[in-house]
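Here is a short note for a colleague opening this entry. Please keep the viewer open while reading.

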Amino acid sequence: MPLAPPVDAAPRRPSDDAEVLERLPTRAGDASARELVALRAAMTAAAKDPAPAERLAQRYFDLAMARGDPRYVGYAEAVIARFPEPLPAGLLSIRGMLRQYRHDFIEALDDFAAALTLEPRLAEAHAWRAAIFLVQADYPAAQRECAALQALHKDILYGSCKGLAQAYTGRLEAGYRSLQKALASSLNADNRLWLLTRLGELAAWRGQAALAERHYREALSSGRDDGYLLAAWSDFLLDNGRPAEVVGQLADWESSDTLLLRLAEASALLQSPDATRLAQTLADRFAAARQRGDTTHRAEEARYALHLRKDPQEALRLAAENYAVQREPRDARILLEAAIAAGDPAAAQAARDWLHASGFEDQQLRELGRQSALAAVARQAASAAPR
């Protein structure tokens, strides 16, 4: 798989639009390359029609999500940039997806709102807005988007939205039932894969490891590429002391930064001969991202700093910066872990506040919160003691 360019490599702008800078890797039997050729040809043949461009940009985004490769996001952005403002609703919605991928959440929400103004029944815009609000831990706003999906009679999207909102607010069992109900009604392969993945996460949060594994394995059996599924499955395996399975699962996924992190962590645990190279490749990726001003993977970089570089202070800095932007359970976890490791439990107060306010029920995370709180009290008492 291709490695990241050296961090001191200067960007180069091609002088000819026809110049091929790089050919992205394809998998055996992969029809996506042929599909992209056809979609690009359709867009070129109808240069002023946004519909073919929308299909191409959506496909690029889908590939970015499936393979964890941000280059596809850049290609989608270039497609949308061909059209002048104001954009039609479809392109606004896709631009919102691309902006949320880069964690430009405010601009993404604005794009989805603009798309809904033009097309009030655009359910995907409500679903993405709900996803962003969940990331931001704005649960009342997320629940309003869920209600909008219900009003549009989008039962599967509504059940998915409602289930996650319940799970994040101290109702794991109810959330699990809502996602199960949505899965039972869904025939769409992409929807089913997403629902099975989230059911696996919820089962793991509930302490039901065998059930979680069944959901993950059913999702994996679809044979569809999905970066989020592979990351969640790999985290499950790492949490359950199974790093060798992570290495086997992710051996061909070094092009994805999020999956490379899990592969590097597993290789380090196994003391693999490849561990040093993988960790250095990851370090180069993060350095290149910083040079570009890209902060998309701050949570992953915090994990890298804590588990691979063994630098808890740097991990805490990155985790705190990340938590200011996104506040999902995994973000709280790395903040709590880094604060405990750095001996600075007060720095994780925001995560403890979230645990208290949300009622989130994952016992592993609540135990980290308890340890962090006790350490904070002990440190405060020590600093107040007479000398």
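1. Basis. This is a predicted model, in which local features need pLDDT of at least 70, side-chain atom pairs count only at pLDDT 80 or more, and totals for chains, interfaces and linings use all residues. Residues are numbered from 1 along each chain as its sequence is written, and side-chain values use heavy atoms, with hydrogens and water left out.

2. Main core. The largest nonpolar core has 105 residues. Such a core is a set of buried Ala, Val, Leu, Ile, Met, Phe, Trp, Tyr and Cys residues joined through side-chain atoms within 4.5 Å. Buried means under 20% relative accessible area (1.4 Å probe, protein chains only). Leu202, Leu282, Trp354 and Leu365 have the most contacts inside the core. Helix H12 (residues 227–239) gives the most to this core: eight residues. Helices here are DSSP runs of H or I, at least four residues, numbered from the N terminus.

3. Leu365. Contact means heavy atoms within 4.5 Å. Leaving aside residues up to four places away in sequence, Leu365 touches Pro329, Ala332, Arg333, Leu336, Trp354, Leu355 and Phe360. A second, separate core has seven residues, including Ala130, Cys146, Leu149 and Leu152.

4. Disulfide. The structure holds one disulfide, a pair of cysteine sulfur atoms within 2.5 Å. Cys146 and Cys161 form it, with their sulfur atoms 1.9 Å apart. The S-S torsion is about -85°, so this disulfide is left-handed. Cys146 sits in helix H7 (residues 139–151) and Cys161 in helix H8 (residues 155–168), 15 residues apart. Cys146 is buried, at 4% relative accessible area. Cys161 is buried too, at 8%.

5. Glu201. Is Glu201 buried or exposed? Glu201 is buried, because its relative accessible area is 9%. Glu201 lies in helix H10 (residues 189–205). Its contacts are Tyr216, Tyr228, Ala232 and Arg330, not counting residues up to four places away in sequence.

6. Cavity. A search of the whole structure finds one cavity of 30 Å³ or more. A cavity is a set of points on a 1 Å grid over the protein atoms alone where a 1.4 Å probe fits but cannot get out; lining residues have an atom within 4 Å of a point. About 60 Å³ of space lies in the largest cavity. Its lining is Pro70, Tyr101, Arg102, Asp257, Ala289, Arg292, Asp294, Thr296 and His297. These divide into three nonpolar, two polar and four charged residues.

Note on methods. 1 Å grid on protein atoms, 1.4 Å probe; cavity = no way out; pocket = protein on both sides within 12 Å on 5 of 7 lines; lining within 4 Å. Points joined across faces, edges and corners; volume = space filled by probe spheres on them. Nonpolar A, V, L, I, M, F, W, Y, C, P; charged D, E, K, R; others polar. Buried < 20%, exposed > 50% of the residue type's maximum accessible area, 1.4 Å probe, protein only. Helix = DSSP H or I, 4+ residues; strand = E, 2+ residues; numbered from the N terminus.
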